[in-house]
Amino acid sequence: ATHDAKTRHGMLRTACSAAEPSPPPVPVCEALGLASVRQLSELFHSECAALGGRKLHSHFEQWLWSARAGVSEECAPVIPHPPAAEASTALRRKLVCAGMSEEAALAATAALEQRAKALAGRLACARAAAGPQQAASEVRLSGSGSGGTVTLSCGGESVVCKRSHLEKLRALLRSGDAAAASGERLFERRAYCVLARVLALQGGEPRAGGMQAAVGYRVFDALARHHGAAFELFASPLNARFSSFCSAAPDVDRAFGSVGSFFSPSLDPLLASGAFQANPPYDPPLVAAMGERMHALLASADARRDALTFIVIIPHWQDKPCWRALEQSCRCSAHLRLPQAEHGFFEGGQHYRPALWRAANHDTSLFFLQSAAAPRPSEASLAALRTAFRAAPSALEPPIGGAELRPRLRPPSEAKGAKVRRRAEGGGAPVEAPLSAKRAALLSRPMAELLAGTSGKQRRQARKRLKERKRKAMRKDPNAKEKCVMSV
């Protein structure tokens, strides 16, 4: 059965903090991982120079995420080995299209795979040998003046972060892991691990990060209010809206609210019912794997007659098999297409770049994948989502708990006496208070729909209140009939 907001949020917090304690941070291992992926990036730039120098970092980031689709690990590996066959095939195809011969393209991908094997082995040995001394390695923080950015350094590798995002990490640490929140040095070590891992996952290049983009706050809020989706399946502590989420690196993110990887079978009970938002890295093999897992979870929900909803946000890839699989799925109850000019995203590198927001560079598709028992999205809720996508944030907001945005129903006694509040401006006549989005959506629906499911007595009382409100308005202003605000 579906859970209410507090029960669902409580389950998430339990999965995050009680089920498994946060592992001790090992900054030197994260520094080694960052140095290793940068070495692999240098080889990629030399072997794949035919792709063009200006966007080579984007091609490398794309190859990394495609390669990780074939690695069955709880955490997305910094250096994927062995890389997925589809990743090497796609890279060879790109190189041939850029003018390389088949033999040269095959040699380039083979060199990448060989170097990835060596670097992954070295990194695995370092993690296995890490002990208390490595975990206690010092992280140096500089540039901690008012405003601007700070730099955290360890093992010869530095990462940059805005002070606002560092404070966000501090807030998530306190809410996610009370035991780990003690001590500024421990916080700095944990923060360095998160920042270094995010940078390593995007290829060690600050200009990259397109795979880490996130939707705006108003989109999160609209999904939570209208559909109960107050949990992200693909996030990080740096771009998460809510204090609990799934992430690609739960080993370093757990103390900041991660409950694990979306692909982890251990999360099946948590994903048995409810509504979840998925904005994965825009990599076709990864999106295909996500779709397969979602369909398996939806089939299980149907067998239990549970209500389960996945709201998927990906580019409008009409030519990609993974997009067509979602669009043509029998589980797809709604598809919203957002034109490129009408929406945007948080920067993937929002925690170190000057701008938080950027305009979209493609049309976006929003799919609702649902079990049979899940409530279908209404036209009003889809319109609210379209409007929310247009809203660009002006500043970073603190993370919130999922239960804080779920719809709240007032007690009957409180709803019975509810009135539209009016205020006088400048001593003039009373004016209507601004309509909330929820009330505006109610007012746009027919009376018969609003009264559906109510008793005869409730319907008579609602009609009586509406008539009385109209009479009062007409006595004050003969033209005020259309200005009346109905309270249902």
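Author: Two strands are taken to pair if DSSP finds at least two bridges between them. Strands (E, at least two residues) and helices (H or I, at least four residues) are DSSP runs, numbered from the N terminus. The model is a predicted one, in which local features need pLDDT of at least 70, side-chain atom pairs count only at pLDDT 80 or more, and totals for chains, interfaces and linings use all residues. Residues are numbered from 1 along each chain as its sequence is written, and side-chain values use heavy atoms, with hydrogens and water left out.

Strand 2 (residues 149-154) and strand 3 run antiparallel and are joined by six bridges. Within this pair, S153 stands opposite S158 of strand 3. The open sheet as a whole consists of three strands in the order 1-2-3, with antiparallel pairing. Strand 1 (140-142) and strand 3 (157-162) are its edge strands, each pairing on one side only. On average, neighbouring strands of this sheet are turned by 25° against each other, direction ignored; axes are lines fitted to C-alpha atoms, for helices over the stretch in contact, and angles run from 0 to 180 degrees between N-to-C directions.

Turning to the helices, helix 2 (residues 27-47) lies across strand 2 and strand 3 and runs at about 100° to strand 3. Helix 8 (residues 184-201) also packs on the sheet, where it touches strand 1, strand 2 and strand 3; contact here means heavy atoms within 4.5 Å. The direction of helix 8 makes about 100° with that of strand 3.
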